[in-house]
Amino acid sequence: MRIVIPLFDRFTPLDAVGPYEVLRFLPDAEIVFAAARPGPVRDVPAWLALTADAAFAEVGSCDVLVVPGGPGARGLLDDDELLGWIRRMHETSTWTTSVCTGSLLLGAAGLLAGLSATTHWGAADVLESFGAVYTAERVVFQGKLVTAAGVSSGIDMALALVARVAGQTTAEAIQLAIEYDPQPPYDAGSPAKAPQAAKDLLARGL
């Protein structure tokens, strides 16, 4: 099973690494990180780099496409090279997925029109501008299209996808292997729950 994760400057690392850590356990998994050109690709503050194994032009197909998000995604919504490549991957993929604002790239590629989808809560209006129907769920399945909400929800998405591909027991075994047992110290993980002081701090910039 070939799993391809595209990278771009100013991506959010957990959007890519979270699903990677889950999906790598799938039987016969081959994971390829791709970018405009092979080599290191930097995250949001440019402190962390992941290495792209191949250029987009060198990757002609995949079984699973996982499109991460991050601040850099918004600058690529009219990037013909990336969007065209996403469309080509989707034509023959078994699953096309996104994490966080990666769904904006799916939307810009024309894949989400008329479908329910999710993204980071702060990008819901942009997602809907592409014809998608935003829903504030962690993971949304629409046929072979799967979108996950912000950042950490990519782990949930990957586990749900493993269950579809290899069965619930395999998904549960992977969840146990990575000890994914969320017990957050604060109940502030969504706009509906976060206290106003946290919202104000975020709005000013962390």
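Guide: Two strands are taken as paired when DSSP finds at least two bridges between them. The model is a predicted one. By that criterion, strand E3 (residues 39–42) and strand E4 (residues 49–52) are paired, with four bridges between them in an antiparallel arrangement. Gly39 has Ala52 of E4 opposite it. Six residues separate E3 from E4, and the two strands make a hairpin. In its turn, Ala46 has a positive phi of about 65°.

The open sheet has seven strands, and its order is E5-E2-E1-E6-E7-E11-E10. Its pairing is mixed. At the edges are strand E5 (54–55) and strand E10 (139–142), each of which pairs on one side only. In general, pairing within a sheet runs through backbone hydrogen bonds, and it can be parallel or antiparallel. E10 and strand E11 (residues 145–148) run antiparallel and are joined by four bridges. Val139 has Ala148 as its bridge partner in E11.

Ser153 belongs to H6. Beyond its neighbours within four places in sequence, Ser153 contacts Arg138, Val139 and Ala148.

H6 as a whole lies across E6, E7, E10 and E11, and its direction is at about 165° to E7. Thr97 gives a view of this from the sheet. Thr97 sits in strand E7 (residues 95–99), and its relative accessible area is 0%, so Thr97 counts as buried. With neighbours within four places in sequence set aside, the contacts of Thr97 are Leu65, Val66, Val67, Leu106, Val146, Met157 and Leu161. Met157 and Leu161 are residues of H6 that also meet H1.

Helix H1 (residues 13–23) packs on helix H6 (residues 153–166) with the axes 8 Å apart and at an angle of about 30°. The two are therefore roughly parallel, since an angle under 35 degrees counts as such. The crossing of H1 and H6 is right-handed. From H1 the contact takes Gly18, Pro19, Val22 and Leu23; from H6 it takes Gly154, Ile155, Met157, Ala158, Leu159, Leu161 and Val162. By class, the residues in the contact of H1 with H6 are nine nonpolar and two polar, with no charged ones.

H6 has a further helix partner. The axes of H6 and helix H7 (residues 168–177) cross at roughly 145° and come within 7 Å. This crossing of H6 and H7 is also right-handed. Leu159, Val162, Ala163 and Ala166 of H6 meet Gln168, Thr170, Ala171, Ile174 and Gln175 of H7. The contact of H6 with H7 divides into six nonpolar and three polar residues, and again none is charged.

H3 lies across E1, E2, strand E6 (64–67), E7 and E11, and its direction is at about 150° to E6.

E2 deserves a separate look. Glu30 is part of strand E2 (residues 30–35). Residues up to four places away in sequence aside, Glu30 touches Met1, Arg2 and Ile3. Glu30 and Arg2 are 28 residues apart along the chain, yet their C-alpha atoms are separated by 4.8 Å. With a relative accessibility of 40%, Glu30 is classed as partly exposed.

Arg10 is in the loop between strand E1 (2–6) and H1, and Asp28 is in the loop between H1 and E2. Arg10, which is not a glycine, has a positive phi of about 70°. Asp28, not a glycine either, has a positive phi of about 60°. At a relative accessibility of 41%, Arg10 is partly exposed, whereas Asp28, at 70%, is exposed.

Conventions:
Residues are numbered from 1 along each chain as its sequence is written. This is a predicted model: local features need pLDDT of at least 70, side-chain atom pairs count only at pLDDT 80 or more; totals for chains, interfaces and linings use all residues. Side-chain values use heavy atoms; hydrogens and water are left out. Axes are lines fitted to C-alpha atoms, for helices over the stretch in contact, and angles run from 0 to 180 degrees between N-to-C directions. Angles under 35 degrees count as roughly parallel, over 145 as roughly antiparallel, 65 to 115 as roughly perpendicular and the rest as oblique. A crossing is left-handed if the near helix is turned anticlockwise from the far one by less than a right angle, and right-handed if clockwise. Contact means heavy atoms within 4.5 Å. Ala, Val, Leu, Ile, Met, Phe, Trp, Tyr, Cys and Pro count as nonpolar, Asp, Glu, Lys and Arg as charged, and the others, Gly among them, as polar. Buried means under 20% relative accessible area, exposed over 50%, partly exposed in between (1.4 Å probe, protein chains only).
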